[in-house]
Amino acid sequence: MPALIIRNARILTLSGSPVARRGAELRALGVIPLGEVLVGDDGKIAAVAEKIDTAPADAQVIDAAGRVLMPGFVDCHTHACWAGSRLDEWRALLNGETYSDLLKKGGGMLATVRAVRETTRNQLAANLRGRLDEFLRNGTTTLEIKSGYGLTLEAELKMLRAIQRAAGDWPGTVVPTALLGHGCEGSSLDDYAKMVVRDILPEVLREFPGIAIEAFCDQGAWTVETCVRLLEKARKHLPIRASADQFTPTGMVPEAVRLHAGCVAHLEGTPKEQLRELAESPVVAVLTPLTGLHLNQRFARGGFLAENGGAVAIATNCNPGTSPSCSMPLAIATAVRFCGLDIEEAIVAATVNPALVLGLTDRGTIEPGKRADLVLLHHKDERLLAYELGGNPVAQVICGGKLV
């Protein structure tokens, strides 16, 4: 792979602390108004400066012409592996039904569960591969993808294998998560949760050592007690994550703080006192603003979290039912409008902070030695990322040092 040099760029380096940014650091973009970035033939950033005079003679040259160069987006919360369609259900939602109504009829997530079970691993992987390319076109170079639409051991493993297969020849990075606390198979959630802990968790750990385990606490999902049971067991061997309070306040956020979860996502219904507790903890708050945009116009209080010293990340929550979007730029624009983040906070929350949520310290900033996952925007002013709606601001994507 030849070396690459980007000249005449407005560079958002985001250089700084190697831990999740909060407070003033959540607004620090480390701007070089006009500078250059050299990418080595190893796919890593070799130099960042106002002027670089040591580039190899055969280096590929990109003239940014004053446009913004920034780290590739990191989407740390998605359900991008699925089968089937929820288009008819969306029509029902538009006509006044609630997501809870759909679940009671066997729809919602349960409809996707049935479709996933009826789909082969190869077809799941092929569907996902197409979505991965769409993520890349929108500037996302790293993303997390959950299982959770299987509910049985066989189907959960099929999803995780499909995610692994689709990611195999994709230029970016995919981080799988085993969302084992999501729905329920059978009439008793308590019995089902015990089975997950006893039977499914050990098998997932055996085939996917080190994978993060997640539980979703909300109406129609798991209770606080069942989520805690799973996460208590999983954290002995694995990273843990939680989602909570998308529809109703549950009390799961304090438990996630107590359990030292890596992050808690959604938070649309979390009371302020619990958000303040979250902000004062090391746990990262992951906002999913496109869910509110698509579903019910409810948004997490991201500005409140940031003002109280919290570490915040943004994700698309890409899924077929509540957030059908692969666009991190749209997530940024929505978070600024409805979650109360300012533009700089939203950019940090879409790059370095979500990378750290996923345990990745080699990306999310433009610094020597980091993986060269870079996005060159059409714009010369990064504020247009949040100002514009609906278009794709990404002119070029460099992934692992390669122009893709």
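How are helix 4 and helix 5 oriented to each other? Point 2 takes that up, after a word on the model.

1. Ground rules. This is a predicted model, in which local features need pLDDT of at least 70 and side-chain atom pairs count only at pLDDT 80 or more, while totals for chains, interfaces and linings use all residues. Residues are numbered from 1 along each chain as its sequence is written, and side-chain values use heavy atoms, with hydrogens and water left out.

2. Helix 4 with helix 5. Helix 4 and helix 5 are oblique to each other. Their axes come within 8 Å and cross at roughly 50 degrees, and the crossing is right-handed. On the helix 4 side the contact is made by Arg121, Asn122, Leu124, Ala125, Leu128, Arg129 and Leu132, and on the helix 5 side by Lys158, Arg161, Ala162, Ile163, Arg165, Ala166 and Ala167. By class, that contact has eight nonpolar, one polar and five charged residues.

3. Terms for the helix pairs. Helices (H or I, at least four residues) and strands (E, at least two) are DSSP runs, numbered from the N terminus. Axes are lines fitted to C-alpha atoms, for helices over the stretch in contact, with angles running from 0 to 180 degrees between N-to-C directions. Angles under 35 degrees count as roughly parallel, over 145 as roughly antiparallel, 65 to 115 as roughly perpendicular, and the rest as oblique. A crossing is right-handed if the near helix is turned clockwise from the far one by less than a right angle, and left-handed if anticlockwise. Contact means heavy atoms within 4.5 Å. Ala, Val, Leu, Ile, Met, Phe, Trp, Tyr, Cys and Pro count as nonpolar, Asp, Glu, Lys and Arg as charged, and the others, Gly among them, as polar.

4. Helix 6 with helix 7. The axes of helix 6 (residues 189-207) and helix 7 (residues 224-234) come within 10 Å and cross at roughly 15 degrees, so the two helices are roughly parallel to each other. Helix 6 passes helix 7 in a right-handed crossing. Leu189, Asp190, Ala193, Lys194, Val196, Val197 and Leu201 in helix 6 meet Thr226, Arg229, Leu230, Lys233 and Ala234 in helix 7. Sorted by class, these are seven nonpolar, one polar and four charged residues.

5. The buried side of helix 7. Buried here means under 20% relative accessible area, exposed over 50%, and partly exposed in between (1.4 Å probe, protein chains only). Val224, Thr226, Cys227, Val228, Leu230, Leu231 and Ala234 of helix 7 are buried. Besides helix 6, the buried residues of helix 7 pack against strand 8 (173-181), strand 9 (212-217), strand 10 (240-244) and helix 8 (252-258).

6. Helix 3 and its neighbours. In helix 3 (residues 109-117), the buried residues are Met109, Ala111, Thr112, Val113, Ala115 and Val116. They pack against helix 1 (87-94), helix 2 (99-104), helix 4 (121-137) and helix 5 (153-167).

7. Cysteines. How many disulfides does a search of the whole structure find? The count is zero, with a disulfide taken as a pair of cysteine sulfur atoms within 2.5 Å. The sulfur of Cys263 is 6.0 Å from the closest cysteine sulfur, in Cys76, which is too far for a bond. For Cys339, the nearest cysteine sulfur is that of Cys76, 13 Å away. Cys263 is buried at 3% relative accessibility, and Cys339 is buried at 4%.

8. His266. This residue lies in strand 11 (residues 263-266) and is buried, with a relative accessible area of 3%. Leaving out residues up to four places away in sequence, His266 touches His77, Phe216, Ser243, Ala244, Gln246, Val286, Thr288, Thr291, Ala300 and Asn317.

9. Two positive phi values. Leu14 is not a glycine, yet has a positive phi of about 55 degrees. Leu14 sits in the loop between strand 1 (4-12) and strand 2 (31-39) and is buried at 0% relative accessibility. Gln297 also has a positive phi, near 60 degrees. Gln297 belongs to the loop between helix 10 (289-294) and helix 11 (302-307) and is exposed, with a relative accessible area of 54%.

10. Gly400. This glycine is in the loop between strand 15 (394-399) and strand 16 (402-403) and counts as buried at 15% relative accessibility. Gly400 and Pro171 are 229 residues apart in sequence and 7.3 Å apart in space, C-alpha to C-alpha. Among the residues that Gly400 touches are Met1, Gly43 and Arg371.
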